[in-house]
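Hello,

Here is the structure I promised to pass on. Please have a look at it first, and then read my notes below.

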Amino acid sequence: MTLLLQSDDSLAMRLLLIEDDRDAADYIRKAFREAGHVVDHAADGEEGLALALDGHYDVLVVDRMLPRRDGLSVVSELRRRGEQTPVLILSALGQVDDRVVGLRAGGDDYLPKPYAFTELLARVEALCRRGAPQSTDTLYKVGELELDRLAHRVSRDGKDIPLQPREFRLLEYLMRHAGQVVTRTMLLENVWDYHFDPQTNVIDVHVSRLRSKVDKGFDVPMIHTVRGAGYMVREGLK
Amino acid sequence: MKVLPRSISRLIRTTAFKLLAAYLMVFALFAFFMIGYVAWHTRQLIETQVADNVAAEVRFLSEQYRMGGVQRLVFAIDRRTRRPGSSIYLLANFAGEVIATNVGDLPLNLLEAPGTQFTFYRRSDEAGAKEYLAFVQVFMLPGGYRLLVGRDVEERDTVRQLVVRPAQWALAVIVVLGLLGGIFVTRRVLKRIDAMTATSEVIMAGNLSGRLAVTGTGDEFDRLAHSLNAMLDRIEALMIGLKQVSDNIAHDLKTPLTRLRNRAEGALRVGGDEAAYRAALETTIEESAGLIRTFDALLMITRAEAGQARDNMVSVDLAAIAENVAELYEPLADEQGLDLTVEAQPVTVHGVRELLAQALANLVDNAIKYGLPKDGGRGRIRICLRREGDTALLEVSDAGEGIPEADRERVVERFVRLDASRSRPGSGLGLSLVAAVARLHGGMLTFGDAAPGLRVTLRLPAQDVTEGLA
């Protein structure tokens with residue numbers, strides 16, 4: 001299980017965690033380290049802001065309620081100073097309007113507490129821009145699987161795979177984060193733009209449909225299920 | 001300032017009393033000026049009359065003098081003085097010696113200047129030193145004679161007294177009656193306010209079922225009582241809801257929490273290998289995820305019911321949501337043996353997209369769980385969106401067992417699950433959330449028979465076709 005949590009080793013990130021709850025911070029640091037990432041920690045907003053400004057981090061994880069300077073203010077101050085590092089906001093407030101406020105302050109993602117660490121890890125990795133395809137890229141390529149964003153065409157081993165529009169978007173999102181775990185809620189948020197909890201695992205059925213089109217007739221699967229976490233598109237591994 | 005008794009100072013402080021006092025003051029001032037004007041006018045009239053009379057007598061007497069000399073004049077004066085209520089007469093020769101008069105005493109220097117003026121005089125028939133006011137006219141006759149004719153004007157003051165005295169009394173009566181009336185009215189108002197205050201104190205003390213008395217007169221107090229009672233109804237309903245939720249939370253959150261704890265303790269006690277611990281931990285995490293889900297749903301319902309989300313409402317394309325949610329659930333429905341179809345007319349509503357989508361998702365989710373026909377054939381779910389006048393009708397119907405009519409009211413209550421065994425997954429909050437979302441949007445949720453199966457209808461106020469585009 002621990003092994004499966006780990007993504008591609010070449011993607012080791014430098015993270016800054018701004019969180020005042022020491023227990024939670026210790027747990028997150030440890031878990032991120034086990035996943036192969038480097039984590040610095042700040043226990044209040046001012047310290048966090050100072051570190052974020054000269055630390056060259058790949059991703060910032062900011063708790064919303066912090067002593068001395070609250071999380072949203074840290075993010076908006078960073079943005080005001082032109083610091084574009086991706087930010088994930090953690091918050092005990094999980095309603096739609098709270099999320100909107102968080103994103104408006106300059107956050108790139110918003111995760112309500114309590115969360116599963118796998119969810120946090122997957123989202124942080126998805127935010128990291130290093131090594132990720134640019135949003136301007138028109139062709140995603142993972143092994144023999146190709147997705148042409150302009151022509152809306154998918155092929156594997158040179159053979160066209162006809163997909164429904166939603167299936168196309170699903171595969172597109174998975175391929176943009178190839179080598180990274182993508183959780184079900186990330187798919188629901190980014191492919192369907194819904195932030196609620198669908199109770200039943202509707203996403204699984206969509207992925208298995210997509211899988212039946214992409215992996216059918218091939219020995220090696222492209223779409224992998226990461227137990228307890230979500231899905232991942234990557235090459236190889238029988 | 002002297003300290004007034006408490007009850008009186010309370011009376012005086014009321015709005016009703018202050019208003020009344022102000023009206024009384026305005027009215028009294030008005031009456032005062034009215035009376036003043038009348039009195040002044042009367043006095044003017046009397047003075048003009050007196051002056052006219054005096055001038056006529058002067059004319060008559062000087063005529064007598066011209067016709068018959070001093071003798072005839074004296075005779076005429078003499079005759080006139082005998083009449084009751086006669087004028088004042090004085091005739092003097094060029095040396096200032098008085099030839100004829102009916103006045104006791106009069107300042108003689110008056111005779112120097114011809115014309116009219118006011119003066120004091122003493123009456124000849126009174127011995128005292130009392131002086132009376134008179135209006136006199138002095139007239140020069142040929143031959144150096146001076147004739148003074150005048151009239152007593154004490155009468156004028158009497159008339160004024162006649163007007164002013166009763167007016168003063170009337171004013172006093174008005175003020176006193178006004179004050180008494182004010183106190184009466186104010187006390188009535190105070191009594192109703194006091195009753196309301198007493199009731200609200202009882203309610204504040206914790207008896208939420210108390211209501212303000214309505215007299216049925218339909219006055220402003222009744223209106224106030226009505227709206228306060230409506231507010232109390234709402235508060236009571238919310239409080240009962242809150243109590244129910246806390247009871248239900250106690251039950252539905254404590255049960256899995258206990259299970260969670262028992263399982264963790266059991267795993268510790270029994271011990272075992274790593275695999276056993278791992279399994280125990282995994283179920284613990286699963287259970288806590290379920291707890292969080294229930295908790296989130298409860299929070300969402302509470303928020304929707306509190307109406308906070310109303311600030312974030314925008315024009316929402318309901319047809320897009322219907323198609324989107326259908327598309328999201330179609331593979332799952334298909335896998336579970338149901339055909340999901342959607343028919344959506346273009347309708348926009350003023351609302352929160354996320355909540356509306358979640359509501360529809362909950363309905364579809366229910367239909368997938370409970371919509372399989374009894375006979376074991378393939379099920380079908382139909383999502384239908386249409387517009388009827390000002391109402392958007394969003395229907396989800398299935399061909400399952402449906403809900404018995406007696407239970408239809410109950411299903412929207414929190415944590416109610418008709419499936420008593422609770423064998424199928426679910427928190428029992430799905431329909432409560434749908435109902436809360438419906439209320440938030442000013443709509444309602446109804447259950448009907450799809451023969452066979454259940455038809456759930458979400459009615460929402462639709463926007464005008466042009467409204468959403470603006």
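**Two helices that cross in chain A**

In this predicted model, the axes of helix α7 (residues 165–176) and helix α9 (residues 202–214) of chain A come within 10 Å and cross at roughly 85°. That makes α7(A) roughly perpendicular to α9(A), a label for angles of 65 to 115 degrees. Axes here are lines fitted to C-alpha atoms, for helices over the stretch in contact, with angles from 0 to 180 degrees between N-to-C directions. Helices are DSSP runs (H or I, at least four residues), as are strands (E, at least two), numbered from the N terminus.

On the α7(A) side, A:Glu167, A:Leu170 and A:Leu171 meet A:His206, A:Arg209, A:Leu210, A:Lys213 and A:Val214 of α9(A); contact requires C-beta atoms, placed from the backbone, within 7 Å.

**Where chain A touches chain B**

Chain A brings 18 residues to the contact and chain B brings 19. On the side of chain A, α5 (96–104) and α9 are the elements that give two or more residues, and α9(A) gives the most, with four.

**Chain B by itself**

Chain B has eight helices and 13 strands. Among contacts in chain B with a separation of 6 or more, 61% join residues 24 or more positions apart.

**Reading the numbers**

Residues are numbered from 1 along each chain as its sequence is written, with chains lettered from A and ligands numbered from 1 in the order written. Local features need pLDDT of at least 70 and side-chain atom pairs count only at pLDDT 80 or more, while totals for chains, interfaces and linings use all residues.

Best wishes

Methods
Parallel < 35°, antiparallel > 145°, perpendicular 65-115°, else oblique. Contact = placed C-beta atoms within 7 Å.
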